[in-house]
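The sequence and structure are shown first.

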Amino acid sequence: MSQSSIDLIRIPVKDIFTENDPDIDVIKVLGLSKKYLKSKDSLNFVPMTVVAERGGNYRLIQGHDIFHALVQAGKEWAIALRIKEDTGSSDQWRYELDLSTTQLNICNLDANEFERALDYFQTTIKKFAKLKVDKLVSDFANDPTRKYWSTLEILVEAKCGITKGNLPLLEKYLYASPDLSELKPITPININRSSEEDILDQLQRLKIEPKAGKLRKIDSVATARAIVADDDRIYWSLSKHLVKAKTGITTPLWPLIKAGFFFEPAPTPVPNKSKFLLNQQTPANLRIEAKSRNLDPTGLLKPALVELLSST
């Protein structure tokens, strides 16, 4: 706050008004008024805080007990710290005097600040008494993608005591406003050959995208591990192959990740002994394949044909 926006002044008590008086400490008011009456010139040592209004009036925002004691003692003057709202000054004073709730950008909190804020909610706010602080800290305090969050819904999805019901209360203290200047565009990677680490990083990157809520519910580590562990991965060419592999990616989730991956399947081996590829062929084609290898397909159904061709 600039020097020109505040000053210490002596103002008429009659020009001070209050809007919503907090609970007054009657004993303190009576005691202070007795002290003010001891001397004709005695006024308050500790300034009240007022905001200058048009018309020469002053709105009292701090020091209500002092004000009422001065009135009780019949004093005509008061010592006050005057704040001028029309000087273009910041609203910092509102936070300093607890007239506004400070909102923190969750994207900008470091790991220690993140943990301290959650500890405050858990120990101070009744609705967050069951908050699983340790789990939230473990999951998000050092998460490098947190700086790109655009919503607090991620905390709800973690199922650690923050719900849709108490989220509005949390939003009085926290908000998410990411700095996207450092966020690199998504570059698709080859799902058939990329490493587990690269797939994991890509899934984490995709979770930052708008409307990625459902994707954030999957376990990225387990999904990346399952993809790499599937021996048939090198032959995948369609999203349905990924879905059928039961990696954690479902049909509804595919649109949320398709911007991050592309398919480039390996050539069909010769002879083709891949059950994955053989199962994609029709029984007629499998019989032709069998005859080309001098195998007898007579009377065999598709499962038996696949077994014959994959083992011979």
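Lys217 lies in the loop that joins helix 8 (196-206) to helix 9 (220-229). In this predicted model, Lys217 has a relative accessible area of 63% and is therefore classed as exposed, the cut-off being over 50%. Together with Lys159, Lys164 and Lys214, Lys217 forms a positive surface patch.

Lys246 is located between helix 10 (239-244) and helix 11 (254-257), and Asn294 is located between helix 13 (283-292) and helix 14 (302-311). Neither is a glycine, yet phi is positive in Lys246 and in Asn294. Most residues other than glycine have a negative phi, and most peptide bonds are trans. The values for the two residues are set out below.

| Residue | Phi | Relative accessible area |
|---|---|---|
| Lys246 | about 55° | 76%, exposed |
| Asn294 | near 60° | 73%, exposed |

A cis peptide bond, with omega near -5°, links Val270 to Pro271. Pro271 belongs to the loop between strand 9 (261-262) and helix 12 (275-278).

Leu97 is also a loop residue, placed between helix 3 (92-96) and strand 6 (104-105). With a relative accessible area of 18%, Leu97 falls under the 20% cut-off and so counts as buried. Apart from residues up to four places away in sequence, Leu97 touches Thr49, Ile61, Gln62 and Ile83.

Conventions: Residues are numbered from 1 along each chain as its sequence is written. This is a predicted model: local features need pLDDT of at least 70, side-chain atom pairs count only at pLDDT 80 or more; totals for chains, interfaces and linings use all residues. Side-chain values use heavy atoms; hydrogens and water are left out. Helices (H or I, at least four residues) and strands (E, at least two) are DSSP runs, numbered from the N terminus. Buried means under 20% relative accessible area, exposed over 50%, partly exposed in between (1.4 Å probe, protein chains only). Contact means heavy atoms within 4.5 Å. Patches are made of residues with over 30% relative accessible area and no salt bridge: like charges are joined within 9 Å, nonpolar side chains (Val, Leu, Ile, Met, Phe, Trp, Tyr) within 5 Å. Accessible areas come from the Shrake-Rupley method with a 1.4 Å probe; for residues, only the protein chains shown count as cover. A salt bridge is a side-chain nitrogen of Lys or Arg within 4 Å of a carboxyl oxygen of Asp or Glu. Lys and Arg count as positive and Asp and Glu as negative; His and the chain ends are not counted. The place of a charge is taken as NZ of Lys, CZ of Arg, CG of Asp or CD of Glu.
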